[in-house]
Amino acid sequence: MFGSIKRYGQHYLTDKAIAFQIADSLPINSCKNVLEVGPGFGALTRYLNEKSIDLTVVEIDKRSLEALKVHVPIYNLTIIHKDFLKLDLHKVFNQNEFSIIGNFPYNISSQILFKALKYRQFIPNLVGMFQKEVAHRVVSGPGTKEYGILSVLIQLYYHAELLFDVPSTVFYPPPKVESSVIRLTRLSNDQYPCRTDLLHKIIKTTFNQRRKQLRTSLKKFVNHVSILKDDVFTKRPEELTGLDFVEITKKMEYEKF
């Protein structure tokens, strides 16, 4: 039954109290559609299935699905046997909003967040268990060593909360790292007066050269270097908030990127 663990990077939660706490952390008043990613043997699913929601689970591992059907009543539950990263999320709930929850496989947890960002107009909430390092990276602010691309992009569109830490002893097999649960709540005002593609590219470009001042990392992308004389371009990316990056993007809006 556990032969697929190494392949998919999943560690199965065995503590019922923690599973209940995670499931109960998902706001369901504003959105009744819920997508659980990687249900495994149903530690979260059994509690989610008791709520008044339209629950769909997506699982890539066929053996986990077989175990899920044994451990969890599957009435009023939609099961998708597919790789979440390849799933067209527009089709899951017919282009209606949905929340995401899961004990996410460590090896794709950041990719799950980036995919959620891509579909953010449909995803008002996300609750997930991540490797502690990744979770703290998501919620970290400027001036910290954890602050990076993921931090800025998530916080531009969501309020990010660190809910609680989870010890490795409550998993099978126990991972070599600790885990943390976070909650993302989409901001009511997540539209910015600049090109989104340019904003994201500036964030990624500067953090990929995070030791350099912005005037150095962005120099090759501008037609007129005079724009880089602004004081903000003397800073390094970890000193800036998401809104700072919005202002920088507005300054460079008409530059050739």
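Predicted model: local features only at pLDDT ≥ 70, side-chain atom pairs only at ≥ 80, totals over all residues.
Two packed helices are described by the angle between their axes and the distance between the axes. Helix H9 spans residues 196–207, and helix H11 spans residues 242–251. They pack at an angle of about 110°. Their axes lie 9 Å apart. Angles of 65 to 115 degrees count as roughly perpendicular, so H9 is roughly perpendicular to H11. The crossing of H9 past H11 is right-handed. On the H9 side, the contact involves Leu 198, Leu 199, Ile 202, Ile 203, Thr 206 and Phe 207. On the H11 side, these residues meet Phe 245, Val 246, Ile 248 and Thr 249. By class, this contact of H9 with H11 has eight nonpolar residues, two polar and no charged.

H9 also packs with helix H8, which covers residues 149–157. The axes of H8 and H9 come within 9 Å and cross at roughly 150°. Angles over 145 degrees count as roughly antiparallel, so H8 is roughly antiparallel to H9. This crossing, too, is right-handed. H8 contributes Ile 149, Val 152, Leu 153, Leu 156 and Tyr 157. These meet Thr 196, Leu 199, His 200, Ile 203, Lys 204 and Phe 207 in H9. The contact of H8 with H9 divides into eight nonpolar, two polar and one charged residues.

The peptide bond from Tyr 172 to Pro 173 is cis. Its omega is near -15°. Pro 173 sits in the loop between strand E8 (171–172) and strand E9 (179–186). Asn 94 has a positive phi of about 55°, although this residue is not a glycine. Asn 94 is placed in the loop between helix H5 (89–92) and strand E5 (99–103).

Empty space was also examined. Rolling a probe the size of a water molecule over the atoms shows where such space is left. The largest pocket has a volume of about 280 Å³. Its lining comprises 20 residues. Nearest the centre of the pocket lie Leu 13, Thr 14, Phe 41, Ala 43 and Arg 46. By class, the lining has eight nonpolar, eight polar and four charged residues.

Conventions
Residues numbered from 1 in each chain as written. Heavy atoms only, no water. 1 Å grid on protein atoms, 1.4 Å probe; cavity = no way out; pocket = protein on both sides within 12 Å on 5 of 7 lines; lining within 4 Å. Points joined across faces, edges and corners; volume = space filled by probe spheres on them. Nonpolar A, V, L, I, M, F, W, Y, C, P; charged D, E, K, R; others polar. Axes fitted to C-alpha atoms, helices over the stretch in contact; angles between N-to-C directions. Helix = DSSP H or I, 4+ residues; strand = E, 2+ residues; numbered from the N terminus. Parallel < 35°, antiparallel > 145°, perpendicular 65-115°, else oblique. Left-handed = near helix turned anticlockwise from the far one by under 90°. Contact = heavy atoms within 4.5 Å.
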